[in-house]
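I opened the model today and kept notes as I went. Entries follow in the order I looked things up.

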Amino acid sequence: MSSETQKLSRRAILGTIGGLIGGLAVGSALGWTAKPEAPARTVTVGAGERTVTATVTQAGATVQRTITQTQYVTAQPREKVPVTVIAFAQGFAWPELFGADGTIETDLLKRVEGREAVDVSIEWGDEWAVREKVASDVTARVGKYDIVLVGSDGAVQAYGYAGYLEPLDEYFVKYPQDYFDPEDVYKSFLDANRIEGTLYALPYYSFGPGIIYRRDLFDKYDAGLPKDTWKTDDLEIALEKISEGLKRDGITDTYALTMRAGPGEEPTLDLAGFIYAYAGYPAWFEGGAIWPGEIKQNQAKPIFDSSDFEAGFRAFTSWVKSFGPPGASTHTWVDMMNIYAQGKAAVLMPSAINGYAALGITQDDNVKRYTKFMLTPFGPGGKRINSYWTFSLGINKFSKNKEAAWRVLTYLTGRSSMQAFAERTMWPNVTMRSVLYSYPLIKKYGIEEIELNERSVLENPAIYFPYIPELDLFMDKIGTMASDVVAGSKGTDAALSELQRWALDLMRSRGYYR
């Protein structure tokens, strides 16, 4: 193991598989023990069988009996197949396998390696470094990494369409395994990793939309508690009441809302959910087109300067500016988590997983005592504000060890790994129903909150923005435009006009339009 390269070598030695010894042992070398009635016994061993000639006394007479039995031998150890994984979240993802710092070969990992005859190595890096390494490997068709982290916010789409990921549907039939039961996984988390029906990755921890809120602050400022039938107008009124109440009380370091609006792709997961709720459909292209073939066939142009896209865009950016803390135009999920954990926000939305992360680190008694979860409100378009993401892994199309990689992949994303995640983090952001309804989570949150979390993934679609190869470019550009508007460096109209021109030029250059 090299601490300098941060690459973990998994070299546990597979023990000898004990052979089944049926009947009597063979010869003295195998521990033959003769019975008193059988003083003489000879053994010859042929290919696949053994012949035993014995002289025995039976009913007073001496007779010879010849018995042919199947020969059993000690099986040779299976050669271990190397499987290399690349991921971020070192120390957070799979510490039960790789240790708390991601650099230890645990006993559990050794057992998995022995059982599956694999030698697992994992390479860690920060998110951007990992994405760059994966992109370099798959585009060069090298196959250095067998299992690659992709995520459902651009990489699975880009690599799936490019043919860089192995289609996984047939693997469930060709290579049966006991780790990952697709029937136990919420369909939306699998859908998030499908490209036009084909599954290209399996999800590890994942989330749908939700609102984390402080019940005590809603009560204190008479904001009206969130309910599952509420609308975006109701939430906006509540945020206004809380914001005004905090100002009246002279509280200047606590805010009604925390959302992320830093430049780049991050805000787009949530912003796209606002657009979906306000328009009632993914209002990125004419007719709500979401697939490349659909866009080409219908010649569906971008509609980023339309009223349908603008409504959700304007709501998102104005809420961040009006109800969020200063500097929100630079905030990522980490800032959302920390602000809520410090007791400095009444609402965190719509990526509620960041609120559950805050609960795991907060030292604020009021945050611990009064935090609740609720479904996101319905927008004017009749849809709830959405937000989906999966920490998903796929098999590199150019891997030399695909079948072994499949066995490792299904363990990394399977029932045991998901249960370990739930019990370690105590987050309900899990992919499997059996884990969501497991005792530790029900004990912590109560059945009502567990049911609300389930509804958030059952009632909202994972695909609420276009699934096109260029998605990562769109995510980055849209998020950056929103950040500029929140920062005040661009007006909404100017930002959307720029976005429209950029999108039309990009799609033309990619051959979408005749």
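**Entry 1: Q299**

I began with the side chain of Q299, which reaches the backbone oxygen of Y512 at 3.1 Å. I count a polar contact as a pair of N or O atoms within 3.5 Å; within protein, one must be able to donate a hydrogen and the other to accept it, and residues adjacent in sequence count only if both atoms are side-chain atoms. A polar atom of the Q299 side chain also lies 2.7 Å from the backbone oxygen of K296.

Before going on, I noted the ground rules. This is a predicted model, where local features need pLDDT of at least 70 and side-chain atom pairs count only at pLDDT 80 or more, while totals for chains, interfaces and linings use all residues. Residues are numbered from 1 along each chain as its sequence is written, and side-chain values use heavy atoms, with hydrogens and water left out.

Where does Q299 lie? I found Q299 in the loop between α10 (292-298) and α11 (307-323). Helices (H or I, at least four residues) and strands (E, at least two) are DSSP runs, numbered from the N terminus. Leaving aside neighbours within four places in sequence, Q299 is in contact with E286, Y512, Y513 and R514. Contact here means heavy atoms within 4.5 Å.

Is Q299 buried or exposed? Q299 counts as buried because its relative accessibility is 14%. The cut-offs are under 20% relative accessible area for buried, over 50% for exposed, and partly exposed in between (1.4 Å probe, protein chains only). I also noted that phi of Q299 is near 50°, a positive value in a residue other than glycine.

Most residues other than glycine have a negative phi, and most peptide bonds are trans. I listed further exceptions.

- A117 has a positive phi of about 55° and is not a glycine. A117 sits in the loop between α2 and β6 (118-124), and its relative accessible area of 3% makes it buried.
- M349 and P350 are joined by a cis peptide bond, with omega about -15°. P350 is in the loop between β13 (345-348) and α13.

**Entry 2: helix α16**

Which residues of α16 are buried? In this helix (residues 415-425), I found S417, M418, Q419, F421, A422 and T425 buried. Their cover includes α1, β10, α15 (402-412), α17 (433-436) and α18 (439-458).

**Entry 3: R384**

I found R384 in the loop between β14 (371-374) and β15 (389-395). R384 is buried, at a relative accessible area of 4%. The R384 side chain reaches the backbone oxygen of T376 at 2.6 Å. Leaving aside neighbours within four places in sequence, R384 has contacts that include D228, Y276, F378, R455 and E459. A277 is 107 residues away from R384 in sequence, yet the two are 5.2 Å apart in space, C-alpha to C-alpha.

**Entry 4: T106**

T106 is in the loop between α1 (95-98) and α2 (107-116). At 15% relative accessibility, T106 is buried too.

**Entry 5: the largest pocket**

I looked at the lining next. The largest pocket has 26 lining residues, with F88, E127, E266, W333 and W389 nearest its centre. On a 1 Å grid over the protein atoms alone, a pocket is an open set of points where a 1.4 Å probe fits, with protein on both sides within 12 Å along at least five of seven lines; lining residues have an atom within 4 Å of a point. At least two lining residues come from each of α3 (127-140), β10 (202-207), α9 (266-279), α12 (333-341) and α13 (353-361).

**Entry 6: the whole chain**

The chain has 20 helices and 15 strands. Of its 514 residues, 54% are buried. Among contacts with a separation of 6 or more, 73% are between residues 24 or more positions apart.
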